[in-house]
Amino acid sequence: MWSKSYRITFACLNTMKSYRYLWTRPYSTFRTTVDSSEVKTFLALAHRWWDEQGVYAPLHSMNDLRVPFIRDNLLKTVANHQPGKPLSGMKILDVGCGGGLLTEPLGRLGASVIGIDPVDANIKTAQLHKSFDPVLDKRIEYRACSLEEIVEETTETFDAVIASEVVEHVIDLETFIQCCCQVLKPGGSLFITTINKTQLSYVLGIVFAEQIAGIVPKGTHTWDKFISPEKLESIMESNGLSVQTVVGMLYNPFSGYWHWIENTSLNYAAHAVKQEHLVPAEGETEELRVQASTNPSMHEELKK
């Protein structure tokens, strides 16, 4: 009898948890994910975004990997696309867009893109650069704001959200991912590129890249903010995102090019898809709530 009761409770618990993210409260804008010290760092470099031989050279080169990575995964979700404008009709949010290095190529692929960044000077640089191209001027919109500032007005608006080389700079990663998920349409894609938290990433990403070779300015990264693929996957999965791909990236400072690799101990890219809304059968939700209310252990589990 006890075994049968336990099996029923466990089954009900799993079903309730599968619906749980539908009842999650929208994110409150009281908190911020923006680190003010990071803002100061990027403010000093705002005028250098479009110098392809300067401090942002690795990000210019990274487009050779990240643009096709985003494009190809998004095209898996559409039956037909226009030649030359494969992302036409898609709405994309580029979070932490900086000077628009990734925003512009996505616009050229036909997408309607909103680029946001908390550094006003970055947005001014991005707006100036896109103004030279009338086509991009129509497809791209820039805003000087944080992600959490636009969550309420853009809930379930975007086909894709991109945070490339951003999550290692925020102060509240779980809230940041929650906001990303909230503005995505069901079935929409979240793309992230970032740095793993390993001894190797400290030696190469900070000691070598910043202090010895000067590939990026000193103080650009904080090792404690790096995140492992496993932890990032866990946070995404807990917010109703299904991780599709995690792949390693390697930058060669001598050639100036990036390459895909299997090892994720340094840089890596991740793609996750927001789960479609689960609609319980009529009466099923209430039945499960009643069972939870009459079973203290089950009720406590659902609160976790």
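Predicted model: local features only at pLDDT ≥ 70, side-chain atom pairs only at ≥ 80, totals over all residues.
**Strand pairing and helix packing in an open sheet**

Strand β1 covers residues 91–95 and strand β4 covers residues 158–164; they pair in the parallel sense over 3 bridges. Within this pair, L93 stands opposite V161 in β4.

Strands of a sheet pair through backbone hydrogen bonds, and the pairing is either parallel or antiparallel. An antiparallel case comes with strand β6 (residues 241–252) and strand β7 (residues 257–261), which pair over 5 bridges. Here G248 faces I261, standing opposite that residue of β7. The hairpin of β6 and β7 has 4 residues between the strands. In this hairpin, G256 takes a positive phi near 80°.

Now the whole sheet. Which order do its strands follow? The sheet is open, has 8 strands, and reads β3-β2-β1-β4-β5-β8-β6-β7. Its pairing is mixed. The edges are held by β3 (140–144) and β7; each has a single partner strand, so one side of each is left without a neighbour in the sheet. On average, neighbouring strands of this sheet are turned by 20° against each other, direction ignored.

Helix α9 is formed by residues 229–238. Which strands does α9 lie across? They are β5 (184–195), β6 and β8 (267–274). Relative to β6, helix α9 runs at about 150°.

Definitions and conventions:
Residues numbered from 1 in each chain as written. Heavy atoms only, no water. Pairing = 2+ DSSP bridges. Helix = DSSP H or I, 4+ residues; strand = E, 2+ residues; numbered from the N terminus. Axes fitted to C-alpha atoms, helices over the stretch in contact; angles between N-to-C directions. Contact = heavy atoms within 4.5 Å.
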